Number of protein chains: 2
Amino acid sequence: MMYKNKQFYLRARPDGVVTDKAVTQREQIIESLEDGEMLIENQFISIDPAIRGWMSDEPSYMSPIEIGSVIRSSTVGKVVESRHQDYQIGDMVYGLSGWETFSVSNGFFMNKIPENSPYPVNYYLSVMGAVGLTAYFAITDRSGLKPGETLLMSAAAGAVGSIGGQIAKLMGCRVVGLAGSEEKCNWVKHLGFDDVINYKETTDMTAAIEKACPEGVDVYFDNVGGEILDAALLNLNSHARVLFCGSIASYNATEPVPGPYNWWQILARSAEVRGFLVSDYLDRFPEAALTIGEWVDAGKIEFKEDVVKGFDNCVTAFNRLFDGSNNGKMLIQV
Amino acid sequence: MMYKNKQFYLRARPDGVVTDKAVTQREQIIESLEDGEMLIENQFISIDPAIRGWMSDEPSYMSPIEIGSVIRSSTVGKVVESRHQDYQIGDMVYGLSGWETFSVSNGFFMNKIPENSPYPVNYYLSVMGAVGLTAYFAITDRSGLKPGETLLMSAAAGAVGSIGGQIAKLMGCRVVGLAGSEEKCNWVKHLGFDDVINYKETTDMTAAIEKACPEGVDVYFDNVGGEILDAALLNLNSHARVLFCGSIASYNATEPVPGPYNWWQILARSAEVRGFLVSDYLDRFPEAALTIGEWVDAGKIEFKEDVVKGFDNCVTAFNRLFDGSNNGKMLIQV
């Protein structure tokens, strides 16, 4: 065997926006497998804001990507060689590997897609993958959201936000979204959100949220941090919850970014900030993916994928997550 | 009747440390009462960090003290005139009034001390008052602290911290305190804390907490904010709770103070920040005060009061809360 593998690897820790000084392409030849390994030809690669955190040398829920290592991400692919007893050539698999055209895997953090799966394989990186599961568990469990309450959703046109808001609507909540363009706002309204705020056209965020949430905010689902978080804090009801799921506004920062300036409001409103990690729910993934699949089949949940063709575009696609020019869950079709 | 009342009033909103530009003494003559009012001669006045927040014009859990109004605080006093049907001359009362030698009250937020109460009246401003009740409900309810877990207590020699730590010891927890002098540290050790860190002698707070909490921190009880909070966040266990009870490090700030720089750790550790307001537990105050009283009688809880004699010393005593030179619950004996 002999496979030419293209990969993006971490050459240096990025300072701000990722450039080819930090993440560079290289080629390697894969000539053999060890016993217990398989070779996967990747078809789709997941491009996620969280990967920016893994590139930094900060303590977090996963160890940082090591210098010289391939960029870590989820992928979907087909087994093309196997010395692993549980996997055959032709099996479709999804799991944690990296920004590369081929991955050698011993099966760790890898799952088979059922042969009779009715869903396109890329769903396993979007609505039925980490993104959909994050929305599902964050809304149905960690947020403590109850029917009739008001949910304020940041990045509402984004992958997690759009799915999370629809789940909250299914639960019988008032759902208000935040998005950064007219096109995105229209999409969010189309999904059934009760109201949407174009934050790029809004000068007084605090007042805009107050207007859209006349009974206050019971749960603020925070994917972004920054000024929107500060404005949300000023609109929290007593005993509200801030679901802390991401902080995209600070991922490319070159200076340390503090917590919100309206930090005091957490005390003043007996509120809570709850950190959310989807990995806490690992044992419930199959059940949840099934539920989400049924919602998609029934037309209760819609979602968008922003599929960029061509492996070489990984970094370009990745950076679009941070200027807001992506349009749905970002995937690379290899 | 004619009573000369001395009071400290809010002349202007303070910028930083409170001086007589912001809080000034004045005299007024009280000549008569309306129907339903009583006149209380104050014996003890409570001096609390939270009062600094009420002097600022920021949204909070209570409206700001208005310019020209007496400084709001808890007091204990004796009824010396009464046109209120529920109160007789000679009754001892405690409740919310202000930094003044006499208070006119219609009974709102005022309670009678039982005639047969075995406790010194000043206890109703300390261990059996808001301070003790804060420690009690924060530890036994809001923190979710469980036996065997590790509690890290800020301002451990302070009024809330010293009582809270002792309650956690009664629950069977490992309790580590933070205090700012050798004398305070000795007091904290005397109270039965498992370990104590002198933060003024510590250059690397994160490492010091790690050493004192080898199994990590399950609950960090935050009265202070600032750098200690940031160091605590780096030592939280998965699903730890930060009980947000105060932020004394920022009360005198002249610029906006942001939340912690290690904000991300809340997500990375699936942790929670829980705002705490003792007023959420109003209906359980009598039950809790009884329990605390029993603990004090049984010698299970010790506490210190720092009683400063002389009404004129209100502001001086108040400012000692912020340089750490107080030694226990600060009270003015009028």
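Guide: Let's go through some labels and check each against its cut-off; keep in mind that this is a predicted model.

Visitor: What makes the relation between chain A and chain B that of a two-fold axis?

Guide: Chain A can be laid on chain B by a turn of 180° with a shift of 0.0 Å along the axis, and the RMSD is 0.1 Å. That is how a two-fold axis relates copies. In chain A, the residue that comes closest to the rotation axis is A:Gly259, with its C-alpha at 2.0 Å.

Visitor: How do you know that the copies meet through the same surface?

Guide: Of the interface residues of chain A, 100% are also interface residues in chain B, so the surface is the same on both copies.

Visitor: What makes A:Tyr123 and A:Phe303 an aromatic pair that is edge-to-face?

Guide: Two ring centres have to lie within 6.5 Å, and planes over 60 degrees apart count as edge-to-face. Here the centres are 5.1 Å apart and the angle between the planes is 80°, and the pair is edge-to-face. There are 37 aromatic pairs over all chains.

Visitor: How do you know that this pair links distant parts of the chain?

Guide: A:Tyr123 and A:Phe303 are 180 residues apart. A:Tyr123 is in the loop between β7 and α2 of chain A, while A:Phe303 is in the loop between α8 and β14. For another pair, take A:Tyr136 and A:Phe137: their centres are 5.1 Å apart and their planes at 90°, so they too are edge-to-face. Both of these residues are buried.

Visitor: What makes you say that the charged end of A:Lys112 sits over the ring of A:Tyr87?

Guide: The distance limit is 6 Å from the ring centre, along with a limit on the angle to the ring normal. The charged end of A:Lys112 is 5.2 Å from the centre of the A:Tyr87 ring and counts as sitting over it. Likewise, the charged end of B:Arg72 sits over the ring of B:Trp54, 5.3 Å from its centre.

Visitor: Which residues touch the most other members of the largest nonpolar core?

Guide: In that core of 54 residues, they are A:Leu152, A:Tyr220, B:Leu152 and B:Tyr220. Beyond its neighbours within four places in sequence, B:Leu152 is in contact with several residues, including B:Val176, B:Ile209 and B:Phe221.

Note on methods:
Residues are numbered from 1 along each chain as its sequence is written. Chains are lettered from A and ligands numbered from 1 in the order in which they are written. This is a predicted model: local features need pLDDT of at least 70, side-chain atom pairs count only at pLDDT 80 or more; totals for chains, interfaces and linings use all residues. Side-chain values use heavy atoms; hydrogens and water are left out. A nonpolar core is a set of buried Ala, Val, Leu, Ile, Met, Phe, Trp, Tyr and Cys residues joined through side-chain atoms within 4.5 Å. Buried means under 20% relative accessible area, exposed over 50%, partly exposed in between (1.4 Å probe, protein chains only). Contact means heavy atoms within 4.5 Å. Copies are superposed by least squares on the C-alpha atoms of residues with pLDDT of at least 70 in both. Rings of Phe, Tyr and Trp (its six-membered ring) pair if their centres lie within 6.5 Å; planes under 30 degrees apart count as stacked, over 60 as edge-to-face and the rest as tilted. Helices (H or I, at least four residues) and strands (E, at least two) are DSSP runs, numbered from the N terminus. A charge sits over a ring if NZ of Lys or CZ of Arg is within 6 Å of the ring centre and within 35 degrees of the ring normal.
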